[in-house]
Amino acid sequence: MLKLEKRASPSTFWTWAAPVVAVALTMVVGGLMFAALGKNPFVAIRTIFWDPLFGEFAFYFRGQLLVKAAPVILIAVGLSLGFRAGIWNIGAEGQYIMGALFGGGVGLAFYPAEHWFIFPLCILAAALGGWLWGMIPAILKVRFRTNEILVSLLLVYVAQAFLASMSLGLLKNPEGQGFPGSRSLAQYPATANPELIAGTGIHWGVIAAAVVVLLTWVLLDRHILGFQIKLAGQAPRAARFAGVSPSRLVLLCMGVSGALAGLAGFFEVAGPAGQIKIGFNVGYGFSAIIVAFLGRLSPLGILLAGLLMALTYVGGENASTNLGLPSAAIQAFQGMLLFFLLAVDMFTNYRLRLVRRRVA
Amino acid sequence: MLRIEGVTKAYPGVVANSDVSFSIAPGEVHALLGENGAGKSTLVKMIYGLVKPDSGSMRFRGATYAPAQPSAARALGVAMVFQHFSLFEALNVAENVALGMENPPPMAELASRIRQVSEEYGLPLDPGRMVGDLSAGERQRVEIVRCLLQDPKLLIMDEPTSVLTPQEVGILFRTLRQLSAEGTAILYISHKLEEIRALCDGATILRRGKVVGTCTPREVSAREMAEMMVGQTLTPPERAPRRDWGDAVPALQVKALSVASPIPFGTSLKEIGFDVGRGEILGIAGVAGNGQDELLLALSGELRTAPGMVVAAGVPLGAAGPNERRRAGFVAAPEDRLGHAAAPDMSLVENAFLSGAIRKRLTRKGFIDRAATRAFAEQIVKDYDVRTPGTWVAARALSGGNLQKFVVGRELSQDPQIILINQPTWGVDAAAAAAIRQAILDRAESGAAVVVISQDLDELLEIADSFAVLNEGRLTVPRPVQGLSVDEIGLMMGGAHGAEAAHA
Amino acid sequence: MLGGIDPVVLIAALMVASVPILLAAIGELVVEKAGVLNLGVEGMMIMGAICGFATAVSTGSVWLGFVGGALGGAGLSLIFAFLTQIMLANQTATGLALTLFGLGFSSLIGQGYGGMKPPPIGPVPFGPLADLPVLGKILFSHDPMVYVSIAVVAATAWFLKKTRKGLILKAVGENHDAAHALGYKVVRIRVLAILFGGALAGLGGSYVSLVRVPQWTDGITAGAGWIALAIVVFGSWKPWRVLLGAWLFGGITVLQLNMQAAGSWLPVQYLSMSPYLITILVLVVMSADRSRAAMNAPAALGKNFQASR
């Protein structure tokens, strides 16, 4: 008979092996899913995971990789701080939208002026927008103990409606022949977030993501604030004993994750997406949740997990054009990845033992 | 009635019971005696069907007995009152009783039977009350009545008196004697020797999972039993005569401290007041759940009050948080070591940082000084004889006693002026407990003001200079320990519900 | 502001509009009473919506569609039960994974079902009762699922309050260690509760795609699962109050839809925000009352259980 037994200390091996095993299992089961859809599973897996990196058109896909990874990593790093502290910001998608609206809105207010300070100002406004949207659930939690999971998530729907209203109203392109959506931010030099080195996909968002990963790593590993965040998540009562104010942490973590999501939103509308329009947000805020867990809530892990997630996006598009694989399959695939990770994760804290039943 | 032969149960790394045998006759009150970790709990869990033995056999009322689960044990007439109550706070008394029965009658009938049985045995209970609102003594009555309603042949009681006042213990013993006179066998688990001498007909003594002796408690002295149980002779802590520090203001003053409990179903503190001077140890006794946790929270700063309610060396600190108080010389060791005093999944180094960061200056501009932190953890492990493979292991990997030594050591090594400790030696083996008590005395001698909250009266009388009792959130006026009689202590601890029950 | 909206029609419509979240919320209530927090309601609802839709379209029976929906929701909840109860995974994370997976997987199954019409469902024939003024419209003009959902509320209330099994379920949610010590099968009871919650969420989801809309589009449940979770808090874990909460929410939804149709001075987008904003407001009001929120929530909610030695 198999029995679970708690390990004395969490296993370091499994902490890092779990994501790898989860990815492998997802490929196997995902392959079965593709087979059920009538596709050759080996071709499908190769199209998603191999071709974008080493295939014929890799030169194009490799750049796309960073473009997709940057926002997801930026958001996931912010979320991971909260998740570590037991604060569940699920509404990054909404904060992402609000950042785009604030940043883009400020930029468009200057149109068609050209000043060096417009772009930095947009970045600040975007962070502010995301921060504000994240502070709503934070303040409600601190003040009224309202569940932040529900509030932050419900605010995504509010933000989406707000985005629709802005695309159709205030921010609508006056020269857009009635089509919804703003003026192009990418073609307005003062706000554009261009590819900095041709062919690499590197834009300002990629640089921001790299800087944030580095800063967060230092914070968590070396700084007392990082210690407090970890402590609050693992043992809330011990955190209070150590003098950590739970309210302060909620405001901090929700605020930081909101601001980072807001930044990601602006870099997206000013670069890859190009303009503010209904549906410019493609769910990075939700994928970031998966990435945060897959990366073990650690900045460097998130960096790797974000690149992997970007690969599924890019590869998914590739599979959709070349194999006619529905794009929804990739979403299901990503969800599956999280399932397997959660299941395999058990081995970090428990070990399976074969117990022989003896007759008494 | 019950015969146990050669029962063995091993867990990975520990042999909880090794070849244990004993038997109980009908109507006998039999004691199972041993220190924490001697294997008493595992043994009774096997009798109650919660754990299966690896080998050995049990016979109950003449037939082979191997209960697959507690309901099977209950069906055969075995009932158990747990040490940590198996009660549901948000449910009422009748519902709690119903959950412990195989085929409970309808609620109205059950309620009247609860009233009837509880009066018959002198344990008054209101079936409609929420369990969360009951005192510890009343909760135990719920458990006992639940057992009695099933007409048990064998009643197991696991450390029943640890939560009772002396008066309540008297009531419980009368009930148990009445039951034994009616022919019910009682298996009584305890490490309190005088109780066993007063109540039990026979005793089996366990040490490290093995039977090390049997005796008739009335015929041997408590000392003889203690030596069998512990297996070594113990030295009481040394005490130097107290020095007069000649302070104008006491090191710690608590004035009219009243605060609502932050814990659901907790006890609010009401008008608590006391002074503790340098070098003085104030012992606070009382039955669990009378505001001990809340008092420690209010003193350590986790629960904030009006500034003037807690004053250290003349400085009002009632509104200050834990770290501000640490800067003012406070250290605190809460009762719950795993989860409150220490983070279970963090290493000993991180746990040393947890409360030591301020007084040991382990940060520089917010950045953690790792070398200093590791040195601090290593020093605690060395000075307090914490048995661990190293300071990198997670706190949860340490045994209870070793973790307690680490936690107490961490606080006492911070050169404190004011020390607050709740249950310093709970669940710690005798040798370690003696070491912890000695460390507290040493700190007091070097000038710290100490508040020790404990449910172990013997411990308090051994180390404290003055003594007070916490009862339903109120504190009695502290009195010098010297010259205090056991009767006086009983009266201080009595409180209202004990006296009322005694009349019923 | 109510100009042009008949209150009788409004009440009748809100009873229909509230069915999906009512069913999902009652299911989640039972799950939470057992001490489990399943945040995957949205995912289970949308799986119910597509499974129900697909079943109904391919069999031509709306009733088999509801059964399919319930099975779809329960099937997804089985994954949750396995991960949290057997593999001891974090309940919050697993619930989220359920929703993310459900959204993706449902749209995968839903390929090719866009634009189809499910078989219709008629009102229960109450005969002359339906023609009564006012009451007939409010009480006797609905499809059978409206009555089924109210019956589910009544049955759940009875089960939790009056039966021994209900008492055991509450005990498990209150203190799983004590329940285990008394010999109750904590994991088994929780798994059953999770499956029940999944089935009801799936049923609620299928009502969206089969009756409310009725057709299949991606993301059709549009946050209803999250609102159901909020309504459990609003109802302070009491079935009849959950019904009240569902009706309140149904009323707002219907009202804002009517105002959109009537051409309100407020832009459409702001009206469609209103149900979410009001849900947040309600959550704030409920949780601001410290004592009540703390007392009614099951004490072991969201904590995993593993039998110790």
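The model is predicted. Chain A holds 15 helices and two strands. Chain B contains an open sheet of six strands, and 18 of its residues are in contact with 13 residues of chain C.

**Chain A**
- The radius of gyration is 22 Å, close to the 21 Å that the globule rule gives for 360 residues, so chain A is as compact as a globular protein of that length.
- Its C-alpha trace spans about 85 × 55 × 35 Å along the principal axes.
- Of its 360 residues, 56% count as buried.
- Take the contacts between residues at least 6 apart in sequence: 79% join residues at least 24 apart.

**Sheet of chain B**
- The strand order is β6-β7-β8-β3-β9-β10 (chain B), and the pairing is mixed.
- β6 (78–81) and β10 (210–215) of chain B are the edge strands; each has a single partner strand, so one side of each lacks a neighbour in the sheet.
- From one strand to the next, the twist averages 20°.
- β3 (29–33) and β8 (185–190) of chain B run parallel, joined by five bridges. B:Leu33 has B:Ser190 of β8(B) as its bridge partner.

**Helices on the sheet**
- α1 (40–47) of chain B touches β3, β6, β7, β8 and β9 of chain B, and makes about 150° with the direction of β7(B).
- α6 (166–181) of chain B lies across β3, β7 and β8 of chain B, at about 145° to β8(B).

**Side of chain B that touches chain C**
- α2 (70–75) and α3 (93–99) of chain B each supply at least two residues.
- The largest share, three residues, comes from α3(B).
- By class, this side has twelve nonpolar, four polar and two charged residues.

How values were computed: Residues are numbered from 1 along each chain as its sequence is written. Chains are lettered from A and ligands numbered from 1 in the order in which they are written. This is a predicted model: local features need pLDDT of at least 70, side-chain atom pairs count only at pLDDT 80 or more; totals for chains, interfaces and linings use all residues. Two residues are in contact if their C-beta atoms, placed from the backbone, lie within 7 Å. Helices (H or I, at least four residues) and strands (E, at least two) are DSSP runs, numbered from the N terminus. Ala, Val, Leu, Ile, Met, Phe, Trp, Tyr, Cys and Pro count as nonpolar, Asp, Glu, Lys and Arg as charged, and the others, Gly among them, as polar. The radius of gyration is taken over C-alpha atoms; the globule rule is 2.2 Å times the number of residues to the power 0.38. A residue is buried if 20 or more other C-beta atoms lie within 10 Å of its own, exposed if 12 or fewer, and partly exposed in between; C-beta atoms are placed from the backbone. Two strands pair if DSSP finds at least two bridges between them. Axes are lines fitted to C-alpha atoms, for helices over the stretch in contact, and angles run from 0 to 180 degrees between N-to-C directions.
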